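Colleague: I have a model open and would like to go through it with you. Could we start with the terms and then take the chains in turn?

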Amino acid sequence: MTKRTTWGKTMNRRLRILVLAIVFVVVAVVSLGIGRYPISPIRVVQTLLGGGNAQEKAVVLKIRLPRIIAATLIGAGLALAGQTMQMIFRNPLVSPDVLGTSTAAGFGASISLLLGMSTLAVTVNAFIFGVASVVLVWAIGARIKGEQTMGLILIGMVVSSLFSAGTSFIKLIADPNNILPAITYFLMGSLAGCSFQDLQVIAIPMAISFATLLLVSWKLNILSLSEDEARSLGVNTRLLRSVAIGASTLMTASAVAVSGQIGWVGLIVPHMARRITGSNATYSLPASMLFGATFLIIVDNVSRTATTAEIPIGILTAFIGAPFFLYLILKENRHEA
Amino acid sequence: MKLEVQNVSYTYEHDRKPMGLHNPHDFQTRIYKTDTLVLKDVSFTISSGEMVAFLGKNGAGKTTLLRIIPSFLTPLSGDILVDEVSVRSMSLHDKAKAIAYIPQFSQTAFAYTVKESVLMGRSPYISMFSRPSMQDEKRAFEILDELGILDLAGRPTNEISGGERQLVLIARALMQDAKLLILDEPTSFLDYSNQLLVLEKTYELVKKGYACLYSTHNPDLALAYSTRVLAMDKGKIAFSMKPEELEGSDALSSIYKRSLIVERTQAGRLICVPQ
């Protein structure tokens, strides 16, 4: 009897992930139709399948599709990286940029913008700096004996604030008429400028990270226990942690490189995902991806259609994320008391 | 199953050194004041069917020794052998298949269900890219049933009692199929009935062929639930005696630094009485 109910629960979780997947597809299709030139979901599907008139093709395939794909990849990526980082650092209040990836990528992008490099170069440079910051944090962290996680968080803070100061300095010396606004706009986070070309740059690192994290998902559960417990269960914690941090970093750096800093997604979506599927990473990782993608597509719809001028998406995610986070803190404290 | 602890010494100082010393030569060339040694030349053996209670004051070196056995800490000198094989030469997986370590409580920020927690014990048999099989799940249910907590399988571990949580950790250890169970003060956060429950369940396992080493601050529990009492004082083994050998003895006085006598009650149980 007990066996059957527990088995039923497992099925139930798979079913929930399936529902999340269906919601994601529906939201994505509907969103392709939303905008200044509205198209019904049926026409959208027809257009995607090769039908539709020239105008519909241009709007859906050339303008909106890259953006929806970007929102999907970035939302899924940030949420997955966030879920992973929370498990690695055994702390549900950690976000994917805990090791300074976002600020460093922002710094890399700012330099490129200052030097007037191409959009592609901005993306590539942001990516390189994002990855480099974590390599730096890791290299310093390797000198820590014993408990590694707390030290990494502190070093991450230090490195992050250094890059942040660097970005401020670049803003100070940037031409206030055209370059400074470009830097500020990038740092606010936006999917407005996403092109297929950008997506090509991040496609491979993102694919590698998605695959790696989903493959090691079950072992991440054990990494979320204490260091001693994980080791007594035969897990090579340093190796697994390196792999998972590496993959999360590739993911975060890719996301920031394309979209600028979009905060909060990687922090709050993992919470919602765990609420749906429970803590087991085998289920919470795919749930985070689907939830993150759906969430970012919806927020981006608001960002591009709410006002005539576009609202940077990073501002919106903060408006949604910050109050939700407060709610989580208050609720969790009440639970403990 | 046979665990041999051979001439183990330990100091916190050497473990902070970048190159962790393994070789006895280094031990001789470096000067360690003997009073900084947490463990001084400790040796003992435990075999299947033995339940060894580890007594000693705070700071006597109990926890340090329990953490050296599964290699959380590297000894300054000496060796740990499981069935004649040094733990140094074992892979992490092999070590986890031989030695199960059960902490005072499991620290996790995430609410895993009892079943998920128990399945984690299967980790040493599962590669990095894999997950537990249906057979593993079946085994998990059998073990939960054996420990009498099958009805908890679907509950989150943060919503069950401390005693139940300790049993879940024992169930997880049984999933490891390791024949040696190391428990670090398994009863310290439990109420009296749960203390008895956890030790009773552990004792049943020992009778089925497991070997167990646990530390405790309660001499009465040690006398009731053990085949041997191992007492530690200032980093050395003070004595290793069967509970019945301790009857009428004041041996415990030496480790607790006050007058204590082990007496037998009318019901035939051994208890430690302060004088």
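Modeller: Accessible areas come from the Shrake-Rupley method with a 1.4 Å probe, and for residues only the protein chains shown count as cover. By that method, chain A exposes about 14,200 Å², and carbon and sulfur atoms supply 70% of that area.

Colleague: Anything to keep in mind about the model and its numbering?

Modeller: This is a predicted model, in which local features need pLDDT of at least 70 and side-chain atom pairs count only at pLDDT 80 or more, while totals for chains, interfaces and linings use all residues. Residues are numbered from 1 along each chain as its sequence is written, chains are lettered from A and ligands numbered from 1 in the order in which they are written, and side-chain values use heavy atoms, with hydrogens and water left out.

Colleague: How many helices and strands are in chain A?

Modeller: Chain A has 14 helices and zero strands. Both are DSSP runs numbered from the N terminus: helices are H or I with at least four residues, strands are E with at least two.

Colleague: Why call chain A as compact as a globular protein of its length?

Modeller: Its radius of gyration is 20 Å, close to the 20 Å that the globule rule gives for 337 residues, so chain A is as compact as a globular protein of that length. The radius is taken over C-alpha atoms, and the rule is 2.2 Å times the number of residues to the power 0.38. The C-alpha trace of chain A spans about 60 × 60 × 40 Å along its principal axes.

Colleague: What share of chain A is buried?

Modeller: Of its 337 residues, 54% count as buried. Buried means under 20% relative accessible area, exposed over 50%, and partly exposed in between, with a 1.4 Å probe and protein chains only.

Colleague: Which residues have the most contacts inside the largest nonpolar core?

Modeller: They are A:Ile74, A:Phe89 and A:Leu99, in a core of 101 residues. The largest share of this core, 15 residues, comes from helix 3 (residues 54-88) of chain A. A nonpolar core is a set of buried Ala, Val, Leu, Ile, Met, Phe, Trp, Tyr and Cys residues joined through side-chain atoms within 4.5 Å. Apart from that core lies another of 53 residues, including B:Met51 and B:Cys272.

Colleague: What does A:Ile74 touch?

Modeller: Setting aside neighbours within four places in sequence, A:Ile74 has contacts that include A:Leu191, A:Met206 and A:Leu296. Contact means heavy atoms within 4.5 Å.

Colleague: Now A:Leu213: buried or exposed?

Modeller: A:Leu213 is buried, because its relative accessible area is 0%. This residue sits in helix 8 (residues 196-215) of chain A. Beyond neighbours within four places in sequence, A:Leu213 contacts residues including A:Leu80, A:Thr84 and A:Met251.

Colleague: And A:Ala132, where is that?

Modeller: A:Ala132 is in helix 5 (residues 119-141) of chain A. With 37% relative accessibility, A:Ala132 counts as partly exposed.

Colleague: On to chain B. What is its secondary structure?

Modeller: Chain B has ten helices and twelve strands. Buried residues make up 52% of its 275 residues. Its accessible surface comes to about 12,000 Å², with 50% belonging to carbon and sulfur atoms.

Colleague: How many positive and negative side chains does chain B have?

Modeller: Chain B has 32 positive and 33 negative, and the centres of the two sets lie 4 Å apart. For chain A the counts are 25 positive and 12 negative, with centres 9 Å apart. Lys and Arg count as positive and Asp and Glu as negative, while His and the chain ends are not counted. The place of a charge is NZ of Lys, CZ of Arg, CG of Asp or CD of Glu.
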